Every structure is written in structure tokens, then in C-alpha cells.
Amino acid sequence: MTLQLYNTLTRKLDTFVPLVPGRVGIYVCGPTVYGHPHLGHAKSYISFDVLVRYLQYLGYSVCYVQNITDVGHLTDNADQGQDKLAVAAKKERKHPMALAEYYTRSYFEDMDALNCLRPDISRGQAVISQSRLN
């Protein structure tokens, strides 16, 4: 059974061929954890979950990696202004990394409730100086 995926670069359906026979690596951008998960998160991660499960069904060994964007990355859609997690931490009177941990757990709990597979690897992406955390 062949898998075809839409290639946004060529705007055509391409037959999926792994770089390493029998193995697939998938990297997906995870949530930015300044609040509880929402319907948009569920839609994205259910889609990734379906793809991972289907690749496993086809017999591939899949390494599923997802980043967790936390402190120091997101301001707004144009990347101007204050970091959203820093703003939320100030509002909730918590340390930014404590808030990131709290909402990361909330995200995984909700995705578990939706029966989504957890990634094999999930990593935080903090890029904030210690002076900005105080």
C-alpha cells in the first residue's frame, strides 16, 4: 500500500518514500504554552496522531518529535511586542518557567484525554535570559 502526501512546495501529490528504508522521523511544532490548550491544538495534534499511527500501521518505525515553545519566543503573529508567556506569567504572578511547566502538563493531559499518542521526544525551547525572568 503506497502513501501519497500533498507536497506544498510542488503543489502535487507525491508518493511517500522514507529517507531511510523502514524508518520515518517526524518533527512537528508543538504548542506555545502560555495558556490552556484549545480546539486549534486538538485539531493539529489529532492530525499528526493520525499520520503517526498510519505510518506505524504501514510498518514503519516512527520517531515522533514535538517541540514545546515556552519562554522568549512568541510575541504576536508579527513577532513584535512582549512575549506572550512573560505577559501571562506577570498576570498570574508566577515565574515564567513555572507557568510554562503548568501549561505544558495541561496540554499533555488534554491530548491524553483525546487519546493522542505522546511524542517520542518533546523538548522545551526557552530562549530568555535569566535577567528577563526576574
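Reply: A salt bridge is counted where a side-chain nitrogen of Lys or Arg lies within 4 Å of a carboxyl oxygen of Asp or Glu. This is a predicted model, in which local features need pLDDT of at least 70 and side-chain atom pairs count only at pLDDT 80 or more, while totals for chains, interfaces and linings use all residues. Residues are numbered from 1 along each chain as its sequence is written, and side-chain values use heavy atoms, with hydrogens and water left out.

Me: How many salt bridges does a search of the whole structure find?

Reply: The search finds three salt bridges. In one of them, R53 meets D49 at 2.6 Å, N to O, and both residues lie in helix 1, four residues apart, which is about one turn of the helix; helices here are DSSP runs (H or I, at least four residues), numbered from the N terminus. R105 pairs with E101, their closest N and O atoms being 3.5 Å apart, and R118 pairs with D112 at 2.7 Å, N to O.

Me: How many disulfides does the structure hold?

Reply: A disulfide is a covalent bond between the sulfur atoms of two cysteines, and here the test is a pair of cysteine sulfur atoms within 2.5 Å. The structure holds zero disulfides. As for cysteines, C63 is partly exposed, at 33%, and C116 is buried, at 10%.

Conventions:
Buried means under 20% relative accessible area, exposed over 50%, partly exposed in between (1.4 Å probe, protein chains only). Helices (H or I, at least four residues) and strands (E, at least two) are DSSP runs, numbered from the N terminus.
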